[in-house]
Amino acid sequence: MRQRDKARRSWYRSSVSELFARLREADSRLALIVGDEAWSYAELAGAALEHVSLLARSKVAPGDRVALWAEPHLSTAAAMIGNAVACVTTIPLNPKLGSAELEHILSDSAPKLAFCAAGFEPIHEAGGVPLLRAAHASPPSRLPSIEVDDSPALILYTSGTTGLPKGAVITRRNIAANLDSLAEAWEWTARDTVVHSLPLIHAHGLVLGLFGSLRVGGALHYVPRFSLGGIGRALTDYRHDQTVLFAVPTMIHRLAETAERDDDLRDALRVPRLLISGSAGLPVREHERIQALTGRGVHERYGLTETLINCAVPASSPPMPGYVGPPLPGVELKLVDEQRRAIDAHDDETIGEVVVRSDAVFAGYLNRDEATRELLDGEGWFYTGDLATRTASGAIRILGRRSTDMIKTGGYRVGAGEIEACLLEHPTVREAAVVGVPDDDLGQRIAAFVVLNECEAEDPAGLAAFVAERLSPHKRPREVRFRHELPRNAMGKVQKKKLTG
Ligand code: MLC
Ligand code: AMP
């Protein structure tokens, strides 16, 4: 991991030196609802403390890493907070992880232990890592403070264009700085209850949704499995003071589609103070549908695992269909050309790669110094690979990515290379090329072009299941097309444009 001189970039400092100050004044105020179960701040703090003592009994020491099956359960949150109190880094594991990806994450991150919430047995043997349960009980006691410093809080595994996913090391300062910027932009306070149904393994659902709600002292109402009814009920059936909905564009699309014929859902979507979309671009037509349904639109924001959130349309301004807003307070943003030279244009036409610098930019990829150096320069600028324009007022419009091998499907980031490598492991497959094709629902859907070994039978569902079982279900090709050969250039490189063109 790469160390950087944070002092050079000290123009923005988190105002609160504790990560979750509100948890130390633990009382009966609602902190978290997961499904039908709710915990107050006192109960959450108590369960986190119980987890701290479980860590001590298990001989987990400060600086160790532990993995956590991020089941949609209250005790998952308690374990995350307990880990932070004990200065232990959390590696959240997608409960649906396939065998090969799980093995990779565990061998790369080498956690001392893996935990799961009570009642959730992991599907897999966790590759030699002993499994313990996260705590349930809640003795009343004051939680020690979690200082905002540069110690690693999370390792979030995320895909590149090639190779296996890399572990992005996210520090406490990264989290605090980004959440404070977002709180300012969205006027996000203790009065807000965030409603969301995003997995607790990524920046969106975990850092923003869970940690953000706790940092501002508000509440999170978590809907464990995304369903339109579940979101509708969370927004209307509870007497939350005021709500904010976090969603990926696929969810917004599904909500809009159903709300157009379901008055109850339409009314539910009128409830939140803000509808926020991110993790992928929200098409203007979806903005317009929501606008027509609710009388107001969706506030977009833009970020990456490695940088957390960079831009957001502020709550004080109307939604900006097609734009992700200006950089957040504390985020420096420039557009650069292919030689990494800054582009000054503010004409909303000149396209450049988005490069950012802030206290929220990660500490580096675990065990991947070279990969870190490729994207994070010596002055702290991170090269996102996203292409954008900028308006005269500084609003950013994301147009796509430098590499077509980075796919965003349902808001999940997936590398074409990892799926191709996986398909090549299948005994019937001779060649494979994977692309993201436009999809009204998922943004992009994963399509695999496959050449089979001679005399092998075509089995698209079998190949999709193979990827789902080895990597993750969301990485499975939704479409498999068989070819006799793949188009290649003189160098032997597959010409992916010819596959879809
Ligand atoms: C289907 N399933 C299979 C399968 N086919 N399982 C095994 N083998 C197969 N062949 C299972 C799935 O596991 C799942 O199980 C169910 O079927 C449905 O899966 P799906 O079809 O893949 O779900 P889908 O409807 O497409 O999901 C849409 C979605 C999801 C929007 C709910 O894509 C989603 O949650 N997206 C959020 C991604 C996210 O959080 N991104 C943030 C990244 S951070 P089961 O058990 O569920 O029924 C980031 C930074 C930033 O980007 O800016 O925010
Ligand atoms: P991830 O690492 O999963 O967080 O994915 C980050 C990528 O998601 C970014 O590099 C963008 O390509 C994409 N992304 C996130 N938010 C937006 C947005 N609002 N508009 C367009 N793309 C987005």
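Helix α11 (residues 416-424) is largely enclosed by the rest of the structure, because seven of its nine residues are buried; buried means under 20% relative accessible area with a 1.4 Å probe and protein chains only. Helices (H or I, at least four residues) and strands (E, at least two) are DSSP runs, numbered from the N terminus. The model is a predicted one, in which local features need pLDDT of at least 70 and side-chain atom pairs count only at pLDDT 80 or more, while totals for chains, interfaces and linings use all residues. Residues are numbered from 1 along each chain as its sequence is written, chains are lettered from A and ligands numbered from 1 in the order in which they are written, and side-chain values use heavy atoms, with hydrogens and water left out.

The buried residues of α11 are Ala-416, Gly-417, Glu-418, Ile-419, Glu-420, Cys-422 and Leu-423. They pack against strands β21 (406-409), β22 (412-415), β23 (429-439) and β24 (443-452), and against helices α12 (460-470) and α13 (496-500), where contact means heavy atoms within 4.5 Å.

An open sheet of mixed pairing contains eight strands in the order β2-β1-β10-β9-β11-β12-β13-β14; two strands pair if DSSP finds at least two bridges between them. At the edges stand β2 (37-40) and β14 (308-312), each with a single partner strand, so one side of each has no neighbour in the sheet. From one strand to the next the twist averages 25 degrees. Axes are lines fitted to C-alpha atoms, for helices over the stretch in contact, and angles run from 0 to 180 degrees between N-to-C directions.

Within this sheet, β9 (residues 192-196) and β10 (residues 219-222) are parallel and share four bridges, with His-196 opposite Tyr-222 in β10. Helix α6 (residues 228-236) packs on the sheet and touches β9, β10 and β11 (242-247); its direction makes about 170 degrees with that of β9. Helix α7 (residues 249-259) lies across β11 and β12 (274-277), at about 115 degrees to β11.

Another open sheet has five strands in the order β16-β15-β17-β19-β20, with antiparallel pairing. Its edges are β16 (342-343) and β20 (396-401); each has a single partner strand, so one side of each is left without a neighbour in the sheet. Strand β15 (residues 332-336) is joined to β16 by two bridges, and Val-336 stands opposite Ala-342 in β16.

A cavity is a set of points on a 1 Å grid over the protein atoms alone where a 1.4 Å probe fits but cannot get out; a pocket is an open set with protein on both sides within 12 Å along at least five of seven lines, and lining residues have an atom within 4 Å of a point. Grid points are joined across faces, edges and corners, and a volume is the space filled by probe spheres set on the points. In β7, six of seven residues are buried.

The second largest pocket has a volume of about 490 Å³. Of its 25 lining residues, Thr-161, Lys-166, Glu-374, Leu-375 and Met-406 are the closest to its centre.

Definitions and conventions:
Buried < 20%, exposed > 50% of the residue type's maximum accessible area, 1.4 Å probe, protein only.
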